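Subject: Structure for you to look at

Hello,

Here is the structure I promised you. Please open it next to this email and follow along.

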Amino acid sequence: MTLRVDNHTFEVRASAFTLILYEDNFKGRRMLQDLSALAEMEQSGAVSYALVSRMLWALARTADATTPDFYEWVQAFSIGGIISAYPAVVTLLTENIMTPKKATAAAILKRCFQRLTFWRIRRNAD
């Protein structure tokens with residue numbers, strides 16, 4: 001996926017490597033826990049610049065190993081630019097977390113629930 005933040009265009013990608021890269025570069029931080037914290041913050045209307053910028057850097061570094069170190073990279077962006085990339089970061093990470101097996105299971109459960117609901121409605125209509 002290609003993102004444009006401020007006047008910079010760069011590729012981002014999510015994989016299992018992204019999680020390792022994040023944890024190795026930001027000691028004591030876990031990407032999935034930070035993603036969960038970010039979702040809770042969003043409900044209150046606040047989004048953490050630091051969390052979004054760390055996640056965005058890890059996604060950019062996963063796509064391109066020549067991406068500069070975090071502190072050098074983040075200086076090129078404004079706070080508003082990083083925050084505006086928040087929806088793309090969350091979408092990319094959540095889509096990557098959903099495995100095909102879980103997606104298939106979720107689809108099967110949804111169909112079963114729909115059929116069960118249909119039969120309940122039909123039985124009550126008789």
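Below is what was found in it, from the whole chain down to single residues.

First, the ground rules. This is a predicted model: local features need pLDDT of at least 70, side-chain atom pairs count only at pLDDT 80 or more, and totals for chains, interfaces and linings use all residues. Residues are numbered from 1 along each chain as its sequence is written, and side-chain values use heavy atoms, with hydrogens and water left out.

**The whole chain**

The protein chain has seven helices and two strands. Helices here are DSSP runs of H or I with at least four residues, strands are runs of E with at least two, and both are numbered from the N terminus. The order from the N terminus is β-β-α-α-α-α-α-α-α. Of the 126 residues, 31% count as buried. Buried means under 20% relative accessible area, exposed means over 50%, and partly exposed lies in between (1.4 Å probe, protein chains only).

**Helix α3**

Helix α3 covers residues 49-63. Its 15 residues should span 21 Å at 1.5 Å a residue, and its end C-alpha atoms are 21 Å apart, which agrees. The expected span is 1.5 Å times one less than the number of residues. Eleven of the 15 residues are buried, so α3 is largely enclosed by the rest of the structure. Among them are W57, R54 and T62.

**α3 against α6**

How do the two helices α3 and α6 meet, and at what angle do their axes cross? The axes of α3 and α6 (residues 86-97) come within 10 Å and cross at roughly 55°. Axes are lines fitted to C-alpha atoms, for helices over the stretch in contact, and angles run from 0 to 180 degrees between N-to-C directions. The two helices are therefore oblique to each other. Oblique is what remains after roughly parallel (under 35 degrees), roughly antiparallel (over 145) and roughly perpendicular (65 to 115).

V52, M55, L56 and L59 in α3 meet Y86, V89, L92 and L93 in α6. Contact means heavy atoms within 4.5 Å.

**Two loop residues**

S15 sits in the loop between β2 (8-11) and α1 (16-25). S15 is buried, at 18% relative accessible area. Leaving out residues up to four places away in sequence, S15 touches T62 and N96.

D6 lies in the loop between β1 (2-5) and β2. D6 is partly exposed, at 32%. D6 is not a glycine, yet its phi is positive, about 55°. Most residues other than glycine have a negative phi.

Best wishes
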